[in-house]
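Good morning, colleagues. Please turn to the sequence and the model on the screen, and I shall take you through them in turn.

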Amino acid sequence: MYARTYSMAINGLDAYTVTVEVNITKGLPAFEIVGLPTAAVREAKERVRAAITNAGFTFPMQRIVVNLAPADIRKDGAGLDVAIAVGIIFASAQGGRKLNKNKRQYISEHTVFIGEMALDGTIKSVRGMLAIAIAADNEQWDLMVTGVDNGKEAKAAFANRVMISSSLSELMNMLCNDSERIYVTADDRLDTKESYTADFSDVKGQQAAKQALEIAAAGGHHVLLCGVPGAGKTMLARCMPSILPPLTETEQLTISRIYSIAGLLPSQQLMKERPFRSPHHTITMAGMVGGGAIPKPGELTLSHGGVLFLDEAPEFKRPVLDVLRQPLEDGVVTISRASGSYSYMCRFILVMAMNPCPCGWYGHEDTIHHCICTTHQVEQYQRTLSGPLRDRLDMYIPVDRPKLEELQDGGYSESSAAIRQRVMEARERQQKRAAAYGIKEDTLNSRLSHHDLQQMLRCDSSAEQMMETAFTRLHISLRSYDKLLRVAQTVADLSGDDRITGDHIATALAYRGQ
């Protein structure tokens with residue numbers, strides 16, 4: 001006998017429908033799965049066999065062939081288990097007293113099954129459910145069936161009915177014997193309340209660095225923090241997400257989908273906060289950009305919509321740092337494999353931190369700490385960040401150790417909430433200005449193209465004169481020229497000014513640094 005069910009599998013950051021065809025014929029007992037399955041899918045044979053038996057059904061001792069279509073795309077993951085098990089039960093004419101051909105066909109054609117089978121028949125959760133739910137909603141399936149642990153995650157993106165079941169036997173009773181079905185209701189919402197642990201009110205002193213990071217947050221600019229050990233670079237970077245605007249509903253689903261595919265989405269929750277990723281300096285190229293036979297998102301993609309912090313940046317391998325060049329410009333990273341090309345979004349704010357030299361005390365005026373590095377060591381250490389990569393950074397921020405009186409002073413230190421309000425107002429100005437010129441995407445100043453800059457930005461005579469001087473005397477590149485204008489425009493937006501003045505250009509030049 002023949003039966004057909006439907007499931008979904010992950011391909012990159014998206015999901016696609018998999019048609020599960022089951023054909024049972026007479027012959028020697030055999031169980032074959034075809035359609036480019038990976039090892040995880042091929043192992044479903046043993047999981048499904050045990051689950052069907054332990055759920056109280058009879059596993060057919062005949063020749064069983066399961067085809068996963070489309071056959072030219074490699075299938076990965078255990079999320080196809082439930083669809084395979086239900087297909088075998090349907091094809092062997094089991095399932096319940098009220099399961100007739102018409103009812104079986106209706107269930108098959110209007111339902112998508114997602115879940116991993118345990119050996120005792122329990123339906124377990126799978127990674128990537130949010131991406132699957134988004135794809136299922138776009139394809140307008142009537143019903144989605146999944147495990148209890150995936151229910152709320154699926155309902156967050158799937159507008160129609162989401163039915164949850166804890167086991168295969170319970171699922172078949174609900175589908176075929178009119179047992180009371182359990183649906184996830186719209187009221188079962190996931191917790192989305194922010195809870196940042198790092199706040200700028202905890203940072204004493206560092207007023208210049210705080211102002212610089214406020215500019216970076218308002219315009220989406222990439223920054224380099226440089227200072228002696230213990231100056232507070234890491235603390236400043238960890239506070240950065242708390243001054244970025246709250247996640248919109250679209251951003252929340254997009255970021256949560258990435259983390260769901262990576263298996264990092266908190267249980268029964270969407271992403272509440274903007275990501276803050278801080279990989280160790282021993283990270284590999286694949287760990288940074290993503291990789292594997294079937295690529296998974298790397299740190300660049302996991303930072304989408306948030307902050308990527310590279311502490312002790314010169315300690316990273318040179319190729320790992322240089323791989324950042326193209327994603328910083330395009331906001332997307334493409335991985336090519338024999339099975340195809342995968343594009344992952346990666347719009348983030350890059351914050352890099354470094355010491356001025358290997359020992360950390362170069363140029364520091366202190367009677368106790370003295371730099372012990374040779375000139376060659378200092379130059380070699382600083383050259384780890386290549387010129388092209390430095391040219392893609394918008395701001396260079398020197399960070400000095402706070403004075404004792406600043407640490408002991410219990411006075412007021414501005415909170416992240418107050419800074420965030422100014423950042424949101426500056427971004428609103430950018431959105432309105434971009435909308436006036438018909439720009440709907442990438443409205444942040446840091447993402448404006450050269451054409452958009454020339455079209456949108458307005459400079460007074462002092463600003464134009466200062467930019468001309470900077471270009472001729474400092475011999476800056478064309479990329480740096482545009483970045484100066486972008487930073488200056490962000491400074492103007494924070495000040496509430498409609499035109500870029502010489503003061504705004506001077507501020508941007510001060511942050512170009514080395």
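Two strands are said to pair if DSSP finds at least two bridges between them. Helices (H or I, at least four residues) and strands (E, at least two) are DSSP runs, numbered from the N terminus. What you see is a predicted model, in which local features need pLDDT of at least 70 and side-chain atom pairs count only at pLDDT 80 or more, whereas totals for chains, interfaces and linings use all residues. Residues are numbered from 1 along each chain as its sequence is written, and side-chain values use heavy atoms, with hydrogens and water left out.

Let me begin with the whole chain. It has 22 helices and 18 strands, and its C-alpha atoms fill a box of roughly 85 × 50 × 45 Å along the principal axes. Of its 514 residues, 52% count as buried, that is, under 20% relative accessible area with a 1.4 Å probe and protein chains only.

Four strands form an open sheet in the order β1-β2-β4-β3, with mixed pairing. β1 (2-11) and β3 (30-34) each have a single partner strand and stand at the edges, so one side of each is left without a neighbour in the sheet. From one strand to the next, the twist averages 20°.

How many bridges join β3 to β4? There are 5, and the two strands, β4 being residues 63-69, run parallel. Isoleucine 33 has valine 66 in β4 as its bridge partner, and glutamate 32 stands opposite valine 65 in β4.

Helix α3 (residues 81-91) lies across β1, β2 (14-25), β3 and β4, running at about 175° to β1. Such angles run from 0 to 180 degrees between N-to-C directions, with axes fitted to C-alpha atoms, for helices over the stretch in contact, where contact means heavy atoms within 4.5 Å.

Finally, the largest pocket. On a 1 Å grid over the protein atoms alone, a pocket is an open set of points where a 1.4 Å probe fits, with protein on both sides within 12 Å along at least five of seven lines; lining residues have an atom within 4 Å of a point. The volume, about 800 Å³, is the space filled by probe spheres set on the points. Of the 26 lining residues, the closest to the centre are Glu251, Arg274, Arg427, Leu444 and Arg447. Helix α10 gives the largest share of the lining, 4 residues.

How values were computed:
Buried means under 20% relative accessible area, exposed over 50%, partly exposed in between (1.4 Å probe, protein chains only).
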